[in-house]
Structure formats: structure tokens, C-alpha cells
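Here are my notes on this model, point by point. Please read them beside the coordinates.

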Amino acid sequence: MFMGEEIRFLGSHGMLHYTENNGMAFGMEFGGELGKLALTLFRIGAVVAIGYGLVYLIKHKYHRGLIMNVALIFAGALGNIIDSTFYGVMYHYAPLFHGRVVDMFYFPLFRGTYPSWFPIWANESFEFFRPVFNMADAAISVGVILILINQKRYFKHQIPEISTPNSEVVEE
């Protein structure tokens, strides 16, 4: 595919849209070339920390659902790092650690125009669910959302029994 090329598969509500994300979520950038290097190195550190946390969760036999969701986050983050670290080198447009992440999934569910009375964006067009994302982004998002939804199940705390001065202790 070429930059900006689209393949529609759900009419106008779902398509593969080829784009390259030069920075963080939603295409935000961070301080030029030095910022890009800092962002990539931060991502690598975060993935190492998530990997360590995943091993900890497995060793201490945490809830299987929590482990699977952290693994989803880890895999998505690692995929984005691999993409941003090597993609530019592979296609000869950027040095190591300065590449872009390829995004392709685009689901504009509906489009409209803000009403004239709406503050700041009056009469401007809007599109619900504008971000273009990739499978790694989806894995990270699903993992985080499932952890938030299931946190009571994943982080059950057993409250120890506390003896009070009035309670009887039976000894045999």
C-alpha cells in the first residue's frame, strides 16, 4: 500500500488506511529528533519493566486473566517498539530508533457538524473515532480495558481475621 491508500471493508465505517505514525498516540510528537530518541528509549525501558512485572505475576500465581491481559499489553508495546526501532532502517529513511509505526485500522463510525451554539468548535465538522491504529495499539487498549473492568476479580484481597480482646480463644 502507498501512504494514504485505503481499502474499505465496512462501507465508509471501516477501512485499512495506510499511514505512518511519527510519534506517540494520535500522531503527537515529542521534541524533534532528540525527543524521538528519548521516546523510543523510554518505550524500551517501559517494555522491560512490563516484562519484569509479567514474570513476577506468573511466579506469584496471580489471576490468569490478569497475566493474559498484561501479556497483551507487553506484546503490543513490544510490537510498536520493533516497528519504530527498525522500520526506518529497513526502508532507508531513518536511523536506528528514529523510525515510524505503521497504522492501518480506521473506523470512522459517524461524521457530523457541531451545532452553531457549541462552544469553541461551532459549525466545525467532527468524526467519531478518528484515530488510525494498528494491531499492537488494539492489544494494549484491550489489555488495559479488561484490567480496569476486572480489577475486583484480579486484585482480591483476603482480609485476615483480627482477634479482638473480647473474643474467646479455645485451646486444646
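1. Basis. This is a predicted model, where local features need pLDDT of at least 70, side-chain atom pairs count only at pLDDT 80 or more, and totals for chains, interfaces and linings use all residues. Numbering starts from 1 along each chain as its sequence is written, and side-chain values use heavy atoms, with hydrogens and water left out.

2. Tyr56 and Tyr62. The whole structure holds 12 aromatic pairs. A pair here means rings of Phe, Tyr or Trp (its six-membered ring) with centres within 6.5 Å; planes under 30 degrees apart are stacked, over 60 edge-to-face, and the rest tilted. Tyr56 and Tyr62 make a tilted pair, because their planes stand at 45° with the ring centres 6.2 Å apart. Tyr56 is partly exposed at 37% relative accessibility, and Tyr62 is partly exposed at 33%. The terms run as follows: buried is under 20% relative accessible area, exposed over 50%, and partly exposed in between (1.4 Å probe, protein chains only).

3. Phe110 and Phe126. Their ring centres are 6.2 Å apart and their planes lie at 90°, so this pair is edge-to-face. The pair links distant parts of the chain: Phe110 sits in strand S4 (residues 110-113) and Phe126 in strand S5 (residues 125-128), 16 residues apart. Strands (E, at least two residues) and helices (H or I, at least four) are DSSP runs, numbered from the N terminus. Phe110 is partly exposed at 44%; Phe126 is partly exposed at 23%.

4. Helix H3. Does the length of H3 (residues 135-149) agree with what its residue count predicts, or disagree? It agrees: the 15 residues should span 21 Å at 1.5 Å a residue, and the end C-alpha atoms are 21 Å apart. The expected span is 1.5 Å times one less than the number of residues.

5. Faces of H3. Ala136, Ala139, Gly143 and Ile147 are buried. They cover an arc of only 60° around the axis, which puts them on the same side of H3. The arc is taken from the directions from the helix axis to the C-beta atoms. Exposed Leu148 and Ile149 are carried on the face turned away from the buried side.
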